[in-house]
Amino acid sequence: EFEKRILSSLIIIPVALFFLIEGSVFFIFFLSILFLATSYEWIKMIKKNDLLRILGIIFLIFSFYSAHELRRYAGLEFFLLITLICISTDLGGYIIGKTFKGPKLTRISPNKTYSGTVGSFIFSVITGLIYINYMTGPVDVFYLQLKELINDYELALLLFILCVSLISQIGDLIVSYFKRLAKVKDTGKILPGHGGLLDRIDGLI
């Protein structure tokens, strides 16, 4: 499974980055494909509750619309920062959790451990700081929003990264909760080693 995950990631990540960087019609097309695929997985997973199905679709619409607007108004650098934090959160949780294991975090998702949670935070902080310091300058939108609240830019950035990572982990747990209710391991089988699209972008959503 790990080898499949690595190989599929080598294909998925460049494709996703292409549509993300190109923006405009390309990004809208990409978001539309993701919306249709995740909506299908959600509807297929939630079989007996029509209200929950509808609420889930509404939330997906809101999420992908928000992604479009964030990319459009906050800019590519800021959007990439959030995306990388979420990806590194998922990656850190998987690698550290599998390596160190330890006590389970919650019965909602039996594979989640406390070590994985710590790994998620560590990976997200390292990735976020490297991106900001070595791949781009200070993210203007972020700085302008928080400079009045926290005078220390580095502290504000650290808190921001930790908050995004926490929200990403909560998103992962929420989808895991609904998978547990539906008694399925994955939301789909479209991505080898990963499961469904919803499995992979639950934190981003």
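Predicted model: local features only at pLDDT ≥ 70, side-chain atom pairs only at ≥ 80, totals over all residues.
Is Ser 165 buried or exposed? Its relative accessibility is 0%, and because the cut-off for burial is under 20%, Ser 165 counts as buried.

The side chain of Ser 165 forms a polar contact, at 3.5 Å, with the side chain of Ser 124. When residues up to four places away in sequence are set aside, Ser 165 touches Ser 124 together with Ile 85, Thr 89, Ser 120 and Phe 121.

## The largest nonpolar core

The largest nonpolar core contains 34 residues. Within this core, Trp 42 and Phe 160 are the residues that touch the most other members.

Which elements give two or more residues to this core? They are helix 1 (2-22), helix 2 (24-45), helix 3, helix 4, helix 5 (114-135), helix 7 (153-182) and helix 8 (197-201).

## Packing of helix 3 with helix 4

Helix 3 spans residues 50-73 and helix 4 spans residues 76-100. Their axes are 6 Å apart, and the two helices pack at an angle of about 135°.

Helix 3 contributes Ala 67, Leu 70 and Arg 71 to the contact, while helix 4 contributes Leu 76, Phe 78, Phe 79 and Ile 82. By class, the residues of this contact comprise six nonpolar, one charged and no polar.

Conventions:
Residues numbered from 1 in each chain as written. Heavy atoms only, no water. Axes fitted to C-alpha atoms, helices over the stretch in contact; angles between N-to-C directions. Helix = DSSP H or I, 4+ residues; strand = E, 2+ residues; numbered from the N terminus. Contact = heavy atoms within 4.5 Å. Nonpolar A, V, L, I, M, F, W, Y, C, P; charged D, E, K, R; others polar. Core = buried A, V, L, I, M, F, W, Y, C linked by side-chain atoms within 4.5 Å. Buried < 20%, exposed > 50% of the residue type's maximum accessible area, 1.4 Å probe, protein only. Polar contact = N/O pair within 3.5 Å; in protein donor to acceptor, adjacent residues only side chain to side chain.
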